[in-house]
Amino acid sequence: MEEAAMSTGGARSRARGTVDIGRPPRGRVELGMRTRVIAPLTSGSRDGLLNEAAAVGDEPVDLVEWRADSMIRALAGSSFAAASDLVGELAATAGALLEASALPLIATVRTSSEGGAAHLDDSEYCALVASLAGMADAVDVEIGRESAPDLVREAQRAGARVIASHHDFGGTPTDEELAGVLAAMNHAGADVLKIACAPRSGGDVARVLTAGAWAREAYDRPVIAIAMGRLGGPTRFAGAALGGAATFASVGGASAPGQYTAREARTVLDIVEGAQ
Ligand SMILES: O=C1C[C@@](O)(C(=O)O)C[C@@H](O)[C@@H]1O
């Protein structure tokens with residue numbers, strides 16, 4: 001177990017089943033026990049993002065997720081972008097966000113193939129995520145990308161935690177597909193495993209929870225398994241054992257269907273898990 005922790009987390013060790021996000025001197029937040037609240041920052045401009053980060057300061061939020069794909073779309077439109085044209089602005093914005101908020105920062109570049117706003121090919125995606133990994137406390141890596149395993153290692157070498165992700169806005173994959181995706185994330189050595197799907201029935205929601213619970217037990221690391229939309233609401237409060245290591249909850253704009261506000265999320269979690 002400790003060996004696995006060393007190989008996936010660099011110098012920072014991880015307690016059984018948990019991962020801490022946040023580099024010194026910034027605060028660290030542990031994922032894998034109590035459900036954490038992650039607020040997405042969704043603006044496409046640096047000023048807008050700084051306003052959102054300031055608003056988060058007054059809310060019951062544990063970590064922030066910068067959805068950098070909004071800025072990429074604002075800079076590049078809907079044409080495929082070159083990393084070299086974007087990296088300067090993204091790095092400056094990451095620096096500004098790190099100064100503006102003491103909360104651990106997750107940088108996410110959600111590409112159009114997974115329901116996001118950034119149009120990037122494989123190599124441009126990897127170049128951008130790798131550069132953000134040198135600054136942010138954690139980065140999101142889309143596991144479906146051909147070079148995802150190399151990118152996971154590169155991001156961890158740069159000192160970031162890696163949240164591997166898979167999104168399906170069109171439906172919920174079969175049980176075998178869900179297990180395959182989670183296994184690929186584990187095999188790549190990601191620190192946190194995350195899936196988000198669009199359920200069509202209560203059965204789909206239950207399957208997402210089952211997949212989350214299975215991966216949590218099989219791989220002993222934090223899992224975030226989300227069924228999006230109102231139907232999937234319970235998955236956002238399921239708790240770490242069922243693949244609910246964290247819940248994405250809005251302060252300004254939501255970044256996916258079915259998100260609650262941070263205050264709503266904290267209220268429910270305090271009831272379900274007990275206030276601390
Ligand atoms: O992967 C996820 C989960 C999410 O899609 C949700 O459903 O809350 C929101 C995204 O911002 C985040 O990157």
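In the predicted model, a polar side-chain atom of E65 is placed 2.5 Å from an oxygen atom of the ligand. Taken alone, the ligand exposes 320 Å², and 99% of that area is buried by the protein. Two further side chains approach ligand oxygen atoms. For R110, the distance between a polar side-chain atom and an oxygen atom of the ligand is 3.0 Å. For K194, an N or O atom of the side chain lies 2.7 Å from a ligand oxygen.

The residues surrounding the ligand are E65, R67, R110, H167, K194, I226, M228, R236, F248, S255, A256 and Q259. Divided by class, this shell comprises five charged, four nonpolar and three polar residues.

The space taken by the ligand corresponds to the largest pocket. The volume of the largest pocket is about 180 Å³. Its lining consists of 16 residues, of which R67, H167, S255, A256 and Q259 are the closest to the pocket centre. Strand 4 (63-67) and strand 8 (192-197) are the elements that contribute two or more residues to this lining. In terms of class, the lining of the largest pocket contains six nonpolar, six charged and four polar residues.

The volume of the largest cavity is about 30 Å³. The residues lining the largest cavity are R26, L41, A53, V64, L97, L98, S101, L103 and L105. By class, seven residues of this lining are nonpolar, one is polar and one is charged.

Technical notes. Residues are numbered from 1 along each chain as its sequence is written. This is a predicted model: local features need pLDDT of at least 70, side-chain atom pairs count only at pLDDT 80 or more; totals for chains, interfaces and linings use all residues. Side-chain values use heavy atoms; hydrogens and water are left out. A residue is near a molecule or strand if one of its heavy atoms lies within 4 Å of it. A polar contact is a pair of N or O atoms within 3.5 Å; within protein, one must be able to donate a hydrogen and the other to accept it, and residues adjacent in sequence count only if both atoms are side-chain atoms. Accessible areas come from the Shrake-Rupley method with a 1.4 Å probe; for residues, only the protein chains shown count as cover. On a 1 Å grid over the protein atoms alone, a cavity is a set of points where a 1.4 Å probe fits but cannot get out, and a pocket is an open set with protein on both sides within 12 Å along at least five of seven lines; lining residues have an atom within 4 Å of a point. A molecule sits in a cavity or pocket if more than half of its atoms lie within 2 Å of its grid points. Ala, Val, Leu, Ile, Met, Phe, Trp, Tyr, Cys and Pro count as nonpolar, Asp, Glu, Lys and Arg as charged, and the others, Gly among them, as polar. Grid points are joined across faces, edges and corners, and a volume is the space filled by probe spheres set on the points. Helices (H or I, at least four residues) and strands (E, at least two) are DSSP runs, numbered from the N terminus.
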